[in-house]
Amino acid sequence: MIHVENLTKRYAGKTAIDRVTFDVGRGEIVGFLGPNGAGKSTTLKILTCYLSATAGSAKIAGHDIFTDSVRARQHIGYMPENVPLYTDMRVAEYLNFRARLKGLRGRDATLGAEEAMETTGLSGVSSKMIASLSKGYRQRVGLADALVNKPDLLILDEPTNGLDPNQIRQVRELIKQLGDRHTILISTHILSEVEVTCGRVIIINHGHIKASDTPQNLIRRLGAAGKTVIEVKTAPNLVLEELEKMPGVESASHVMSRGDWTVVEIATEPNIDLREALHELMIDRKWPLRELTRRTASLEDAFVGLTKSLDEERAESH
Amino acid sequence: MRVFYVIFSKELRSFFSSPLAYVVIGLFGLLNAWLFVSIVTVMSMSVTPRSLVYNLFDSGWFWMGFCFLFPVLTMRLFAEEQKMGTLETLLTAPVRTIQVVMAKYFATVTVYLAALVPVFLLFLLFRGVTGQAEAFHGGALFGAAVGLILIGMANIALGVLCSAMTSNQIIAAMVCFAVIMLHYFLGFFQYFGGMPGSLMTAGLGYVSNVDHMRSFSEGLIDSRPFIYYLSFTALLLAMTHHVLEFRRWRV
């Protein structure tokens, strides 16, 4: 659906994205992930033919975005960052305008607008002025606009930006539903979002593609460490001494003491579950145990590990 | 053509769903009605070889209101879209930039034509109200209409270009107004400076709106102003197109 090859964009001496290459297949939901200023929006703006690239090429549904831009754009439903809308129009009027702009005629445009409003839960506010809508509803109008002509590909730039937790959940659900019918490329810096909705993640930092894989694989491959917390009735130095010796433990640190109880956080090597071994150890030493919790590494850990180590590398090389 | 029509009608709606079109048409009409009455009064007191049409459209007061019309009508067109970010949604839809430019341009031309209607109605009402013979002939009125349309088309194209170059409406309006005023004053330069008959004076006479308007108001329809204004319009619209397309250039 999307085929990007060596895409480069330089603004006045600054390189926003550098030889970016990736593919998105039909029916995929792909998260485009990176810290602020990594080049996410620039890439999406180029893909939607709003900006040009300095070098490289990209194709949407087989149409080159530079030489065959109008036809490429016919396949895209795009929701830009911050969702710009004509605030002096009514919701239904706006969507009808957008539908006709995207090539639907007369009745089809009305139906398309109605359907998009239904999908995004806007039917109740269809005759309201966009200026009077809350942020959450405006976001939905933007999404409805992207959907209105049922494009093959949805490109959403930070779709949950600025929403409250309930709204974020609703938008996420909506995106998952839409995944049945559309190919979706979402840019975001909210990691939990990607973990929940996306089948694949592309991580970009400083204009370079750093990784492209499923969230699970990324966590595994990047070797983000998991954490186990125990609360045990013994002296801190005793338990730490034992833990240091245990295989699979990367480090153990004393978090706090509550009376006789000691809380210790253990960083484990990737994909290692220490709980059973810890249990055995406690029985062996006859230390009472009242908490044993394992937290697996999240995409967040992987992401932080990846982007931070890169920044450090950069700092060293300068 | 369909895309053109969709954007054209949306633009026209946004002119008429805000107070802008009514304020512009109403005040421009009012200003000219007052001017019309004054000129009729002056003409009834003294003898003038010129017609009512000529005197109205040659009056400095008319040009003042007229020059204000264009920045006000055009400043919004692209500057607002750039400020709000809606230019991005508009230009990432499957539309050609030239369609957007032309649709916005012709929507503004339509509002401009609507603003001219009350002014021309004044002439048509003249006989009925005063019971006197018209102090002008139909050809002069027709010529003046043609002249105003041509000058208006060029000025609107200028305003569209100014609006496309900035995201600040005030700047767009000021630049447009300054250029229109400069153009207006350049037309008078031939009477004050320069050697009579020199190339420069002739050239400045040729670009003068006021001079062209004088001959149109006498009912003289010359092909040269047509070529001048229409080519000027085309050039400005082409520049607008390039300004908007510039983002997509590979630089």
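Which helix of chain B is the place of Val146(B)? Select Val146(B) and see: it sits in helix H8, residues 138-164 of chain B. Keep in mind that this is a predicted model.

**Stop 1: Val146(B)**

Stay on Val146(B). Is it buried or partly exposed? Val146(B) has 15 C-beta neighbours inside 10 Å, so it counts as partly exposed. A buried residue would need 20 or more. Now show Phe216(B) and Ile221(B). Val146(B) touches both, leaving aside residues up to four places away in sequence.

**Stop 2: across to Phe70(B)**

**Stop 3: helix H4 of chain B**

Select residues 60-74 of chain B. This is helix H4, with 15 residues. From first C-alpha to last, H4 of chain B reaches 22 Å, close to the 21 Å expected at 1.5 Å a residue. Colour its buried residues: Phe62(B), Phe66(B), Leu69(B), Phe70(B), Pro71(B), Leu73(B) and Thr74(B).

What covers the buried residues of H4(B)? Show helices H2 (19-45), H3 (52-57) and H5 (76-84) of chain B, which are part of the cover.

**Stop 4: where the chains meet**

Finally, show chain A beside chain B. The contact takes 21 residues from chain A and 21 residues from chain B. On the chain B side, look at helix H1 (2-16) and helix H6 (86-91); each supplies at least two residues. Colour that side of chain B by type: eight residues are nonpolar, seven polar and six charged.

Conventions:
Residues are numbered from 1 along each chain as its sequence is written. Chains are lettered from A and ligands numbered from 1 in the order in which they are written. This is a predicted model: local features need pLDDT of at least 70, side-chain atom pairs count only at pLDDT 80 or more; totals for chains, interfaces and linings use all residues. Two residues are in contact if their C-beta atoms, placed from the backbone, lie within 7 Å. Helices (H or I, at least four residues) and strands (E, at least two) are DSSP runs, numbered from the N terminus. Ala, Val, Leu, Ile, Met, Phe, Trp, Tyr, Cys and Pro count as nonpolar, Asp, Glu, Lys and Arg as charged, and the others, Gly among them, as polar. A residue is buried if 20 or more other C-beta atoms lie within 10 Å of its own, exposed if 12 or fewer, and partly exposed in between; C-beta atoms are placed from the backbone. The expected span of a helix is 1.5 Å times one less than its number of residues.
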